Amino acid sequence: MPRLEPGDVACWVVKSSSPLDVVAPGWAPGTTRELVRCLRRSYRLDLMGPGQPCLLWVSGRDRPGVHAVGELTAVPAAGGSGPEVAVRLTR
(Lines give C-alpha, C1' and ligand atoms only; values in the text may rest on other atoms or scores of the structure.)
Protein backbone atom coordinates (compact mmCIF):
# COMPACT_ATOMS: atom_id res chain seq x y z
CA MET A 1 0.00 0.00 0.00
CA PRO A 2 1.44 3.43 -0.90
CA ARG A 3 2.18 5.98 1.79
CA LEU A 4 -0.13 8.94 2.28
CA GLU A 5 0.81 12.39 1.02
CA PRO A 6 -0.26 15.65 2.73
CA GLY A 7 -3.07 16.19 0.19
CA ASP A 8 -4.54 12.77 0.97
CA VAL A 9 -5.58 13.74 4.51
CA ALA A 10 -8.94 15.50 4.90
CA CYS A 11 -8.91 15.59 8.71
CA TRP A 12 -6.81 14.24 11.57
CA VAL A 13 -8.51 12.19 14.27
CA VAL A 14 -7.26 12.43 17.85
CA LYS A 15 -8.84 9.99 20.25
CA SER A 16 -9.64 9.64 23.92
CA SER A 17 -10.98 6.73 25.90
CA SER A 18 -11.74 9.12 28.77
CA PRO A 19 -14.96 11.17 28.87
CA LEU A 20 -14.67 14.89 28.13
CA ASP A 21 -15.24 15.74 31.80
CA VAL A 22 -11.92 14.01 32.50
CA VAL A 23 -10.09 15.32 29.41
CA ALA A 24 -11.09 18.95 30.06
CA PRO A 25 -13.20 19.50 33.20
CA GLY A 26 -15.91 22.12 32.77
CA TRP A 27 -15.69 22.23 28.97
CA ALA A 28 -19.07 23.62 27.94
CA PRO A 29 -20.71 22.91 24.57
CA GLY A 30 -19.91 25.60 21.99
CA THR A 31 -16.70 26.69 23.70
CA THR A 32 -13.12 26.21 22.54
CA ARG A 33 -10.21 24.64 24.39
CA GLU A 34 -6.55 24.21 23.56
CA LEU A 35 -5.31 20.73 24.43
CA VAL A 36 -2.25 18.57 23.88
CA ARG A 37 -3.01 15.05 22.70
CA CYS A 38 -0.75 12.00 22.59
CA LEU A 39 -0.05 10.35 19.24
CA ARG A 40 1.25 7.00 18.04
CA ARG A 41 4.61 6.99 16.29
CA SER A 42 4.16 6.83 12.52
CA TYR A 43 5.49 8.37 9.32
CA ARG A 44 2.16 10.24 9.28
CA LEU A 45 3.43 12.60 12.00
CA ASP A 46 5.54 14.28 9.30
CA LEU A 47 2.33 15.10 7.40
CA MET A 48 0.75 17.02 10.31
CA GLY A 49 0.96 20.81 10.47
CA PRO A 50 -0.67 23.89 12.02
CA GLY A 51 -4.04 24.86 10.61
CA GLN A 52 -5.00 21.38 9.43
CA PRO A 53 -8.49 20.25 10.51
CA CYS A 54 -8.90 17.68 13.26
CA LEU A 55 -11.60 16.14 15.41
CA LEU A 56 -11.74 14.53 18.83
CA TRP A 57 -13.20 11.02 18.86
CA VAL A 58 -14.24 9.71 22.28
CA SER A 59 -14.52 5.93 22.49
CA GLY A 60 -16.21 3.80 25.09
CA ARG A 61 -19.70 2.71 26.07
CA ASP A 62 -21.06 6.13 27.06
CA ARG A 63 -21.77 8.31 23.98
CA PRO A 64 -18.90 7.29 21.69
CA GLY A 65 -18.28 9.46 18.64
CA VAL A 66 -17.07 12.89 17.57
CA HIS A 67 -17.21 15.29 20.52
CA ALA A 68 -15.21 18.27 19.20
CA VAL A 69 -13.84 19.70 15.97
CA GLY A 70 -11.02 22.13 15.29
CA GLU A 71 -7.47 22.33 14.03
CA LEU A 72 -3.88 21.47 14.81
CA THR A 73 -1.99 24.43 16.28
CA ALA A 74 1.53 23.01 15.99
CA VAL A 75 3.57 20.22 14.47
CA PRO A 76 3.93 17.06 16.56
CA ALA A 77 6.68 17.21 19.18
CA ALA A 78 8.28 14.86 21.66
CA GLY A 79 6.36 14.58 24.91
CA GLY A 80 6.89 12.74 28.15
CA SER A 81 5.30 9.52 26.88
CA GLY A 82 5.97 9.90 23.16
CA PRO A 83 4.84 12.20 20.37
CA GLU A 84 2.06 14.70 21.01
CA VAL A 85 0.36 17.56 19.19
CA ALA A 86 -1.35 20.77 20.27
CA VAL A 87 -4.92 21.27 19.05
CA ARG A 88 -7.64 23.92 19.32
CA LEU A 89 -11.08 22.27 19.52
CA THR A 90 -14.65 23.46 19.82
CA ARG A 91 -17.01 21.16 21.68
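The model is predicted; local features need pLDDT of at least 70, side-chain atom pairs count only at pLDDT 80 or more, and totals for chains, interfaces and linings use all residues. Residues are numbered from 1 along each chain as its sequence is written, and side-chain values use heavy atoms, without hydrogens and water.

The C-alpha trace spans about 40 × 25 × 25 Å along its principal axes. Buried residues form 31% of the 91 residues; buried means under 20% relative accessible area, exposed over 50%, and partly exposed in between (1.4 Å probe, protein chains only). Contacts are heavy atoms within 4.5 Å. Of the contacts with a separation of 6 or more, 58% link residues 24 or more positions apart. The chain exposes about 5900 Å², of which carbon and sulfur atoms supply 53%. Accessible areas come from the Shrake-Rupley method with a 1.4 Å probe; for residues, only the protein chains shown count as cover.

Strand E3 (residues 53–58) pairs with two strands, pairing being defined by at least two DSSP bridges. With E1 (residues 12–16), the sense is parallel, over 5 bridges. With E4 (residues 65–72), E3 runs antiparallel over 6 bridges. Leucine 56 of E3 stands opposite valine 14. The bridge partner of leucine 56 in E4 is alanine 68. E3 and E4 form a hairpin with 6 residues between them. In the turn, glycine 60 has a positive phi of about 120°.

Histidine 67 lies in E4. Its relative accessibility is 18%, so histidine 67 counts as buried. Beyond neighbours within four places in sequence, histidine 67 contacts Leu20, Leu56, Val58, Thr90 and Arg91.

Val13, Trp57, Val66 and Val69 make a nonpolar surface patch of about 350 Å². Valine 13 belongs to E1. Patch residues have over 30% relative accessible area and no salt bridge; like charges are joined within 9 Å, and nonpolar side chains (Val, Leu, Ile, Met, Phe, Trp, Tyr) within 5 Å. A salt bridge is a side-chain nitrogen of Lys or Arg within 4 Å of a carboxyl oxygen of Asp or Glu.

Technical notes: Helices (H or I, at least four residues) and strands (E, at least two) are DSSP runs, numbered from the N terminus.
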